[in-house]
Amino acid sequence: MAFSLPPIVSLHSPLLAQSIAVLKEYLPSPTPLLDTIDRNVPVSFKQLVAEAPLNRLFAEALAEGEFDDFEGRTIRLEVNGGQPGITVGFWAGRLRVVEGPGEATIRGSLAAFKTLAERRQDPDQLFFQRRLVIEGDTELGLALKNLLDSLEWNFSVRQLLSHSRSCA
């Protein structure tokens, strides 16, 4: 005889949302763990994991030459504190993950990068509120921010996770 418990909480219940908010507030930051992982993962693995999704996400813009002004340039995206981070460059019509510092660095919290990627807030607001900061070649960083803001693209962590599961 099969026995199952009734569902206690639906996926869209206020109780679940409140529980997640409490966990986010009181759990330690994942940054130290990500820092440890980042320092021990070879750049070749980062390239394998990140390059194809980045080039798929921006395929139309790449094909239309929108990134051509960034040929040979590098930009580092970094979580507050210096690590973890990833340096991205553009060569021969493709976005590439490279090792080392970028000519410009965009730094912020994980939450700020997630907000930017999911386009839930105007990028200018994230910079004016200092949730994201550009260092180094600010002209290069602003040019990338303006390009990303002008493009039609859609990214969500849920979509990325579901796409990864369907490919596995």
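In this predicted model, five strands come together as an open sheet in the order 3-2-1-4-5, with mixed pairing. Strand 3 and strand 5 sit at the edges with a single partner strand each, so one side of each has no neighbour in the sheet. Going from one strand to the next, the twist averages 25°.

Part of the sheet can be followed strand by strand. Strand 1, covering residues 74-79, pairs with strand 2 in the antiparallel sense, over five bridges. Strand 2 spans residues 85-91 and also pairs with strand 3 in the antiparallel sense, again over five bridges. Val 88 is a handy landmark here: in strand 2 it is the bridge partner of Ile 75, and it stands opposite Val 97 of strand 3. The hairpin of strand 2 and strand 3 has two residues between the strands, and Ala 92 in this hairpin takes a positive phi near 50°.

Helix 3, made of residues 43-57, lies across strand 2 and strand 3 and runs at about 155° to strand 3.

Thr 74 belongs to strand 1. With a relative accessibility of 12%, Thr 74 falls under the 20% cut-off and therefore counts as buried. Setting aside neighbours within four places in sequence, its contacts include Thr 87, Val 88, Gly 89 and Trp 91, along with Val 98. Pro 101, Gly 102, Glu 103, Ala 104 and Leu 140 are also in contact with Thr 74.

Strand 5 has a single partner strand, yet Ile 134 is buried, with a relative accessible area of 15%. What does Ile 134 touch, not counting residues up to four places away in sequence? The list is Thr 105, Ile 106, Phe 127, Gly 141 and Leu 142. Ile 134 can also be placed relative to Ile 75: the two are 59 residues apart in sequence, and their C-alpha atoms are 10.0 Å apart in space. Ile 75 is also the residue bridged to Val 88 in strand 2.

Note on methods: Residues are numbered from 1 along each chain as its sequence is written. This is a predicted model: local features need pLDDT of at least 70, side-chain atom pairs count only at pLDDT 80 or more; totals for chains, interfaces and linings use all residues. Side-chain values use heavy atoms; hydrogens and water are left out. Buried means under 20% relative accessible area, exposed over 50%, partly exposed in between (1.4 Å probe, protein chains only). Contact means heavy atoms within 4.5 Å. Two strands pair if DSSP finds at least two bridges between them. Helices (H or I, at least four residues) and strands (E, at least two) are DSSP runs, numbered from the N terminus. Axes are lines fitted to C-alpha atoms, for helices over the stretch in contact, and angles run from 0 to 180 degrees between N-to-C directions.
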